[in-house]
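Have the sequence and the model open side by side while reading.

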Amino acid sequence: MSYTPSEIEAKWQKQWEEEQAFEPSDSHTEPKKYILSMFPFPSGRLHMGHVRNYAIGDALARYYRKQQFNVLHPIGWDAFGMPAENAAIKHGRHPKEWTYSNIDYMRKELNTLGLSFSKTREFATCDPLYTKHEQKFIIEMFEKGLLYRESTTVNWCESCHTVLANEQVEEGCCWRCDNPVQLKEMPGYYLDIIRYADELLEDLAQLEGKWPSQVITMQRNWIGKSQGLAFDFELTEESKAKLGGKFEGYEVFTTRPDTIYGVTYSALAPEHPITKYLVEHGLLEAEVAEKIKSIANMSEVERAKQDKEGYPLGISVIHPLTGEEIPVWTANFVLASYGGGAVMAVPAHDERDFEFATKYGLPIKRVIEGGEALPYTGNGTLIDSGRFSCVGNEEAKIAITNYMEEEGKGKGTTNYKLRNWGVSRQRYWGAPIPFVHCPNCGLVPEKFENLPVALPDDVEITGEGNPLENHPTWKYCHCPKCGGEAIRETDTLDTFVQSSWYQFRYATNPKKWEEVGIDKEDADYWLGVDQYIGGIEHAILHLLYARFFTKVLRDLGYHDVDEPFERLLTQGMVLKDGAKMSKSKGNTVDPDALVAKYGADTARLFILFAAPPQKELEWNDSAVDGAFRFIKKLYDRKSKVTGNTFPDIDHSALGKESKLARVKVYEALQKSTEVYEKSFAFNTLIAACMEALNALDKQDNADVWTEGMYIMLNLLEPIIPHVATELSDTLFARENFGGKIEVKEEVFVQDSILYVVMIGGKKRTEIEVDPSATQEEILALAKEAGEKWLQGMQIVKEIVVPNKLVNLAVKPK
RNA sequence: GCGGAUGUGGUGGAAUUGGUAGACACGCCAGACUUAGGAUCUGGUGCCUAACGGUGUGGAGGUUCGAGUCCUCUCAUCCGCACCA
């Protein structure tokens with residue numbers, strides 16, 4: 001009977017469903033593996049990137065299940081977000097209906113791939129039950145001061161009508177729709193991720209070697225820790241008077257306290273309160289005030305593209321060490337969001353300060369020796385730096401910081417590039433932020449017993465404004481504290497909040513889902529995730545947020561886990577014609593069509609064979625044919641199997657070809673452990689199985705065939721589960737799936753060993769040597785075989801690499 | 001500019017970690033069978049050469065008996081961050 005994937009796959013998928021074959025055990029005593037592929041957004045259809053992601057995860061889950069581990073391999077839906085609202089705007093479908101019907105469709109698609117997911121732990125993040133617990137966490141974070149509301153300058157995407165977190169701005173544009181982001185002053189909710197910055201940074205060390213170094217580096221840079229000195233510049237009396245006595249001075253931050261004697265001016269961001277005061281009170285020339293306003297309206301990205309630009313503010317500060325008067329400017333390169341929006345400028349030793357000083361003719365004072373030209377940013381000895389002259393600058397950094405601290409003039413400070421996470425979104429399809437604005441009590445969290453604060457179903461989504469804000473009744477409520485009339489918060493949570501704790505939700509036994517968000521005992525047993533698999537695009541966003549949430553929830557007492565994802569594999573993209581598959585480019589391959597034509601096993605085999613998982617995968621239709629051919633061949637060879645169990649073979653009695661076939665089979669077996677547990681180079685394991693099958697084909701010993709198939713089906717089951725299970729079931733009643741198969745070392749013992757003979761570093765010939773031959777005997781054979789190349793030569797060195805080669809180093813006589 | 005990677009046949013990719021470069025697969029070439037097919041099977045296939053042989057892992061050096069692998073320099077491509085004081 002020929003290979004018919006549709007029948008075989010339907011049969012086993014049905015059986016797995018009936019047997020509930022992939023549910024983890026509730027027992028917490030067995031060794032466990034938690035294998036997690038990033039959950040999908042229910043966009044409507046599966047794409048090849050999904051297939052790759054889940055094929056990798058499923059292979060690992062099935063492998064460990066076969067090794068008798070208690071395996072958690074769950075799936076769910078990252079279900080809130082803009083696309084659902086866009087569907088509502090475009091096609092008039094309700095986001096909820098759109099989302100859940102997409103989930104139904106995609107679940108079927110996943111089923112046809114034969115993925116071994118737990119069915120009982122599936123959920124969508126838009127399920128009210130999930131929202132309920134998430135809102136509780138949010139309130140607890142508020143109570144700990146980790147969540148706060150503040151009005152500040154935010155990134156605003158006009159096309160999505162919502163605020164974006166810093167991490168969601170890519171090159172000044174919205175991560176989702178790619179429209180330029182504007183700056184806007186508005187209130188929002190923030191999570192104090194900076195409080196965890198140090199731990200997030202330090203714990204990256206634990207992930208070294210287990211996460212791709214690239215991701216670790218990206219996170220490190222994103223957190224951007226730097227140490228330096230913060231000190232106050234005091235305004236001159238005259239300047240204080242000019243500012244109406246509202247300001248005494250301002251704080252600046254520097255990582256180069258060693259250059260403090262080189263300060264020749266100071267610069268403020270256009271948004272700095274002092275700059276603002278001067279502009280608003282007409283203390284600057286009208287023209288200058290206009291220029292400053294126009295800079296303030298530009299995004300950081302726009303500003304970065306401009307030339308350095310600035311204006312003197314007509315005020316001065318006093319140098320804390322020299323007492324000199326320092327002029328104060330405003331400049332477009334000073335960022336409001338970092339270091340307080342004010343800097344000391346040392347043009348001699350900072351490129352930006354130098355460029356600015358040169359443009360505006362400001363003085364430049366060298367205080368560090370070294371280099372010929374200015375600016376000089378390297379190390380050297382201090383000069384013209386008062387009592388610190390003649391000190392090396394690294395030493396001076398510490399000395400000056402200490403001195404400033406002793407004098408009460410400043411303090412050593414740590415700064416981060418990381419900004420607090422803005423989590424409020426002015427959209428409908430998200431988890432409502434569970435707070436109430438009460439005219440008497442202020443911002444009040446909803447009572448736990450009233451959670452979830454659910455979304456209203458009757459909503460009009462037009463794309464204009466915030467649908468919850470515009471809803472006729474939903475926001476009117478009573479204050480949970482005083483009972484008076486109040487207004488419900490209409491912002492919803494960033495969808496990244498949901499994906500920050502879903503790994504704990506899966507781990508929690510579904511029987512407890514109503515009652516608790518995370519069960520501590522379950523969480524501590526299952527987490528961290530032993531292997532997490534997903535795209536590199538989440539290197540910062542999701543992976544940083546999830547790490548942060550893990551630490552916060554730990555500190556709220558929900559579990560004892562420090563890091564959510566023990567090991568991370570970032571899969572490469574699936575390309576066609578050298579470009580990422582996308583509808584707009586018209587270069588997509590539809591997984592459904594692929595499965596319909598070849599079956600799921602072929603799809604999975606090809607995708608794991610075509611490239612190592614970390615690399616980009618170039619789609620190739622005819623290579624898919626090749627994968628299909630291999631499965632057909634494997635299926636066809638079931639007729640070669642005569643026994644129904646692991647055979648006993650007398651290796652020495654076998655012919656040469658049969659011996660070689662066994663070597664190939666056992667090499668594949670050896671390789672499998674390393675591949676499944678360490679390297680994930682499935683392509684090499686599949687190649688080894690192909691070699692083994694080719695070698696088996698060259699011989700005809702029925703026992704060797706039986707043994708070969710017994711082992712190969714075991715190795716391939718995680719990759720091509722349907723056909724492997726079908727064959728294993730028919731041939732061996734699935735006995736060969738029972739556990740690890742032992743490697744028989746005797747197979748690798750050879751009758752004779754092939755040595756390569758190299759002369760002068762070049763391969764010249766080969767010799768067959770008896771395994772018991774001594775080094776002298778091997779050398780003698782090699783010299784005899786290589787005689788032709790040794791003529792007129794003198795051997796200067798003889799090297800024998802056991803079981804491999806002989807190298808005779810020569811020189812002319 | 002800073003940081004991280006990657007460079008191997010016509011293509012995707014191997015190489016037990018310093019030991020026969022190109023496994024496996026795709027493609028291509030030749031042949032077999034034939035119910036003529038986008039099926040199956042057999043053989044070949046890095047490059048130069050009629051052959052002997054030479055040469056070959058982006059490039060140039062170096063270490064070594066031996067280098068795709070280690071060291072130095074260099075080029076190219078991709079990705080991330082980007083005025084962070």
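This is a predicted model: local features need pLDDT of at least 70, side-chain atom pairs count only at pLDDT 80 or more; totals for chains, interfaces and linings use all residues.

Residues are numbered from 1 along each chain as its sequence is written, chains are lettered from A and ligands numbered from 1 in the order in which they are written, and side-chain values use heavy atoms, with hydrogens and water left out.

Chain A holds 28 helices and 30 strands; these are DSSP runs, numbered from the N terminus, with H or I of at least four residues for helices and E of at least two for strands. Its C-alpha trace spans about 105 × 85 × 50 Å along the principal axes. Of the 813 residues in chain A, 54% are buried, where buried means under 20% relative accessible area, exposed over 50% and partly exposed in between, with a 1.4 Å probe and protein chains only. Among contacts (heavy atoms within 4.5 Å) between residues at least 6 apart in sequence, 72% join residues at least 24 apart.

Next comes the RNA. Around RNA strand B there are 52 residues, of which T255, R303, K308, R352 and A610 come nearest; a residue counts as near if one of its heavy atoms lies within 4 Å. Of the atoms of RNA strand B that come within 4 Å of the protein, 63% belong to sugar and phosphate. By class, this surface has 20 nonpolar, 15 polar and 17 charged residues. Here Ala, Val, Leu, Ile, Met, Phe, Trp, Tyr, Cys and Pro count as nonpolar, Asp, Glu, Lys and Arg as charged, and the others, Gly among them, as polar.

Sugar or linking oxygens of RNA strand B lie 2.7 Å from a polar side-chain atom of T254 and 3.0 Å from a polar side-chain atom of S622. At F333 a polar backbone atom is 3.0 Å from such an oxygen. Elements that give two or more residues to this surface include α8 (213–223), β9 (249–254), α12 (300–305) and α22 (621–636).

Now turn to helix α1, residues 5–19. At 1.5 Å a residue its 15 residues should span 21 Å, and the end C-alpha atoms are 21 Å apart, so the two agree; the expected span is 1.5 Å times one less than the number of residues. P5, I8, E9, W12, Q13 and W16 are buried in α1. They lie on the same side of α1 because they cover an arc of only 120° around the axis, taken from the directions from the helix axis to the C-beta atoms. The buried residues of α1 pack against several helices, among them α2 (48–66), α4 (95–112) and α22. On the face turned away from the buried side are the exposed residues S6, E7, K14 and E18. Just after α1, Q20 takes a positive phi of about 45°.

Two single residues complete the tour. Q503 sits in helix α17, residues 502–507, and is buried, with a relative accessible area of 0%. Leaving aside neighbours within four places in sequence, Q503 is in contact with residues including Y34, L36, L527 and F565.

D590 is in the loop between β25 (579–580) and α20. At 29% relative accessibility, D590 counts as partly exposed. D590 touches R45 and M48, not counting residues up to four places away in sequence. D590 and M48 are 542 residues apart in sequence, yet their C-alpha atoms are 7.2 Å apart in space.

Note on methods: A polar contact is a pair of N or O atoms within 3.5 Å; within protein, one must be able to donate a hydrogen and the other to accept it, and residues adjacent in sequence count only if both atoms are side-chain atoms.
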